[in-house]
Amino acid sequence: MMEYGVLGKVLGHSWSPQLHGMLADYDYQLIPKETPELAKEFLLKKEYRGVNVTIPYKGLACDLCDEVDEGGRKTGAVNTVVNKNGRLYGYNTDIAGFAALAERAGVEFKDRDVLILGTGGTAHTALAVIEAAGAKAVHFVSRTPKQNELSYQQAAQRQSVQVIVNTTPVGMYPNTDEKPIDPALFKNLEAVLDVVYNPLRSRLVSEAQELGVKSMGGLYMLVEQARAASEKFTGIPIPPEAAEQVYRRLVMQCSNICLIGMPSSGKSTIGRKLARRMGRPFVDADRALEEDESCSIAMMFKKWGEEGFRQRESRCIARLAAGSGQVIACGGGVVERQENIRALRRNGVMVFIDRQVSGLKVGGRRPLSTSMEALRRMEKRRRPLYKAAADLRAANNGGLFSAVVPHIEEELYAYFGVERPKPESFGPA
């Protein structure tokens, strides 16, 4: 008999094994099942101690349980199933998770006009929390609306909307450039919550934040529902402060570390050493682009000009940014396009490697670094862009590039609010 796991249709994006590994000491597996029939067969075989259930089997799990908690009965959805002596007990721990997400984000539902995007189990979970908080009006939004549901076109006309809650998978990895609705359409919008947690900031959340709207993705909900689920699995309480540390560790672990800065500022050298030190994969965006195009950067400039090169660079950056837990050394001109910064920010923290112009190199593989004067003009234009995009700054002026690595590492642990692991767990710098 297996111990625990997560049951769903597509699970390649799931961070649940990492999360449960941080919360408790038990075996936790992915259990992908392509069809409802296969999911039902697995649940009824009862060859497990407990499982979490995700899209699209929460309603099915609710129907198959011998006993269901109040939240499961109210929503018709169960995301936690515990096998006790052959009887299946179902729980909706998503309710506690969503309530915790809203509280952490500072989102108020009382007397608010709320749109819930989607009509599945998670939508009804959100509804339970929103109604209990005293919302003024709540509307489900669907691509195929039934009675009392709005189409997306109808929803876009509702200017009284103050809060949007996305419960659909639109914008989830690998389709990170998608969004279910445009937040800019709503002039009275106060807040956006998105249950999507991979990427950490979906396009919907990112665009809402750019508008100055209070917004948050679904990772905190995932952690809090997992804390409640783990307690159901084991009967052992997990204090909120422990879950908070797990959340911060998971955010740091899954965030890309994106190095930006001028050509020859040291991004690639520092990136390799930082990746080795922190046990992460390293990606040189320029080299990845050359592999994508089977062509050197110099040749790309020659064949397509700078505009053609930038278009191809943006496609490459979007692909790399959709991954997680990497160190990415970006090309010097990545900040020339705002779409690149938006893509990198969805799953990453931006670190500006700041090197004085006098320390930069002319020529080499860098088509725009033709002279020191060209570098000075470039640096003057780009410096405000680097500073605007950066979450952290690391000066790299003189000495060994490797000396910058421990500084960046310390800054990252402070930025994420995570205690630094003991030095002996690291490889060489």
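## Asp292, a partly exposed helix residue

Let's begin with Asp292, which has a relative accessibility of 39% and therefore counts as partly exposed. The structure is a predicted model, and Asp292 sits in helix α12, which covers residues 285-293.

Which residues does Asp292 touch, once neighbours within four places in sequence are left aside? Asp292 is in contact with Cys316 and Arg319. Arg315 is 23 residues away from Asp292 in sequence, and the C-alpha atoms of the two are 9.7 Å apart.

## Gly90, a buried strand residue

Now turn to strand β6, residues 87-91, where you will find Gly90. Is Gly90 buried or exposed? Its relative accessibility is 1%, so Gly90 counts as buried.

Leaving aside neighbours within four places in sequence, Gly90 is in contact with Cys65, Glu67, Val68, Asp69, Val78 and Thr80.

## Two pairs of packed helices

Two packed helices are described by the angle between their axes and the distance between those axes. Helix α5 (residues 94-105) packs against helix α6 (residues 121-132) at about 60 degrees, with the axes 9 Å apart. The two are therefore oblique to each other, and α5 passes α6 in a right-handed crossing. On the α5 side, Asp94, Ile95, Phe98 and Ala99 meet Thr125, Ala126, Ala128, Val129 and Ile130 of α6. Sorted by class, this contact has 7 nonpolar, 1 polar and 1 charged residues.

Another pair is formed by helix α1 (residues 16-23) and helix α9 (residues 219-234), packed at an angle of about 60 degrees with axes 10 Å apart. That angle makes α1 oblique to α9. The crossing of α1 past α9 is right-handed. Ser16, Leu19, His20 and Leu23 make the contact from α1, while α9 brings Leu222, Val223, Ala226, Arg227 and Phe233.

## The nonpolar cores

How many residues does the largest nonpolar core have? There are 60, and those with the most contacts inside the core are Phe98, Phe109, Leu193 and Leu412. Helix α10 (residues 240-254) supplies the largest share of this core, 7 residues. A second, separate core has 32 residues, including Val283, Val335, Met350 and Val357.

Not counting residues up to four places away in sequence, Leu193 touches Phe98, Leu101, Ala102, Ala105, Val107, Phe109, Ile164, Val165, Asn166 and Met216.

## Backbone details in the loops

Most residues other than glycine have a negative phi, and most peptide bonds are trans. With that in mind, here are some spots to look at. A cis peptide bond joins Tyr173 and Pro174, with omega about 5 degrees; Pro174 is in the loop between β10 (163-166) and β11 (191-194). Asn198 and Pro199 are also joined by a cis peptide bond, with omega about 15 degrees, and Pro199 belongs to the loop between β11 and α8 (203-210).

Lys46 has a positive phi, near 60 degrees. You can find Lys46 in the loop between α2 (36-45) and β3 (48-53), where its relative accessible area of 24% makes it partly exposed. For Asn85, phi is near 55 degrees, again a positive value. Asn85 lies in the loop between β5 (80-84) and β6, and its relative accessible area of 84% makes it exposed.

Notes. Residues numbered from 1 in each chain as written. Predicted model: local features only at pLDDT ≥ 70, side-chain atom pairs only at ≥ 80, totals over all residues. Heavy atoms only, no water. Axes fitted to C-alpha atoms, helices over the stretch in contact; angles between N-to-C directions. Helix = DSSP H or I, 4+ residues; strand = E, 2+ residues; numbered from the N terminus. Parallel < 35°, antiparallel > 145°, perpendicular 65-115°, else oblique. Left-handed = near helix turned anticlockwise from the far one by under 90°. Contact = heavy atoms within 4.5 Å. Core = buried A, V, L, I, M, F, W, Y, C linked by side-chain atoms within 4.5 Å. Buried < 20%, exposed > 50% of the residue type's maximum accessible area, 1.4 Å probe, protein only. Nonpolar A, V, L, I, M, F, W, Y, C, P; charged D, E, K, R; others polar.
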